[in-house]
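Here's a quick briefing for anyone opening this structure for the first time. Have a look at it below, then read on for the aromatic rings and a pair of helices.

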Amino acid sequence: CAPPSGFEDYPGSVAHVADTLWSGDGLFLFTSSGGIYGPGDGEIVDEKSPIPDQNLASPRSLRLIKAENNVLDRKGGVLRLAGLYTLDRGAHNYWLERGDGTIKGSRNGIINLLHYDDAAGACVAALKAGKNVVDGKVFLISDGNHTTRGGICESALKSKRYHGMSMPTFEGAESSLKGKIYDGNWSNKALNWRPVHESFDQFMENS
């Protein structure tokens with residue numbers, strides 16, 4: 001679980017770890033990102049949805065695509081995670097507390113989220129599920145309740161932690177690409193997993 005920044009050859013580093021530190025027993029599990037699907041306009045994506053051609057992918061996505069392929073070629077498993085958050089970490093914290101009061105994207109841009117604890121829980125579920133379920137497969141992990149940039153801020157303002165802070169200004173045009181909606185139902189069933197925090201809004205309302 002290492003971010004693709006800070007490595008000259010991230011895919012090669014992932015392959016090296018698998019080849020030198022994994023005996024082949026148990027599971028080799030790689031946490032990737034749902035951002036690998038690229039921009040969208042409101043369509044639903046799942047584990048089988050195509051990812052951008054390597055000539056069209058962003059540099060960050062291209063590193064993840066190649067790293068995923070290296071893991072899958074070695075019969076490891078890949079968990080594509082939605083945007084991670086805790087009370088104090090995530091886009092909401094930056095937008096409301098540390099940013100300059102403006103957000104470049106549109107208010108209605110779609111965001112898929114997952115609490116850090118649930119990300120860890122999904123990894124544990126994958127390890128428990130075993131090789132027959134996980135080896136050579138991709139899983140899409142989110143809380144199943146997508147929101148928007150505006151929705152993230154509105155939900156966060158319900159928390160005592162962010163009470164009294166101001167709603168930021170959204171600079172993106174409402175007609176811009178909206179993003180994609182994650183459907184991880186197959187992954188949830190395969191891993192016998194479900195999130196403890198069922199939505200970002202529920203978490204913030206109770207925090």
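By the ring-centre rule (rings of Phe, Tyr and Trp, the last by its six-membered ring, pair if their centres lie within 6.5 Å), the count comes to six aromatic pairs. This is a predicted model, where local features need pLDDT of at least 70, side-chain atom pairs need 80 or more, and totals for chains, interfaces and linings take in all residues. Numbering runs from 1 along each chain as its sequence is written, and side-chain values use heavy atoms, leaving out hydrogens and water.

**Aromatic rings**

- The ring centres of Tyr85 and Phe203 are 5.5 Å apart and their planes sit at 65°, so this pair is edge-to-face (over 60 degrees; under 30 is stacked and the rest are tilted).
- Tyr85 is in strand S4 (residues 83-85) and Phe203 in helix H8 (residues 200-205), so the pair links distant parts of the chain, 118 residues apart.
- Tyr85 counts as buried at 1% relative accessibility, and Phe203 is buried too, at 13% (buried means under 20% relative accessible area, exposed over 50%, partly exposed in between, with a 1.4 Å probe and protein chains only).
- Tyr85, Phe200 and Phe203 form one aromatic cluster.

**Two helices**

- Helix H1 (residues 10-21) and helix H2 (residues 59-73) pack at about 20°, with axes 8 Å apart.
- That makes H1 roughly parallel to H2 (angles under 35 degrees; over 145 is roughly antiparallel, 65 to 115 roughly perpendicular and the rest oblique).

Methods
Axes fitted to C-alpha atoms, helices over the stretch in contact; angles between N-to-C directions. Helix = DSSP H or I, 4+ residues; strand = E, 2+ residues; numbered from the N terminus.
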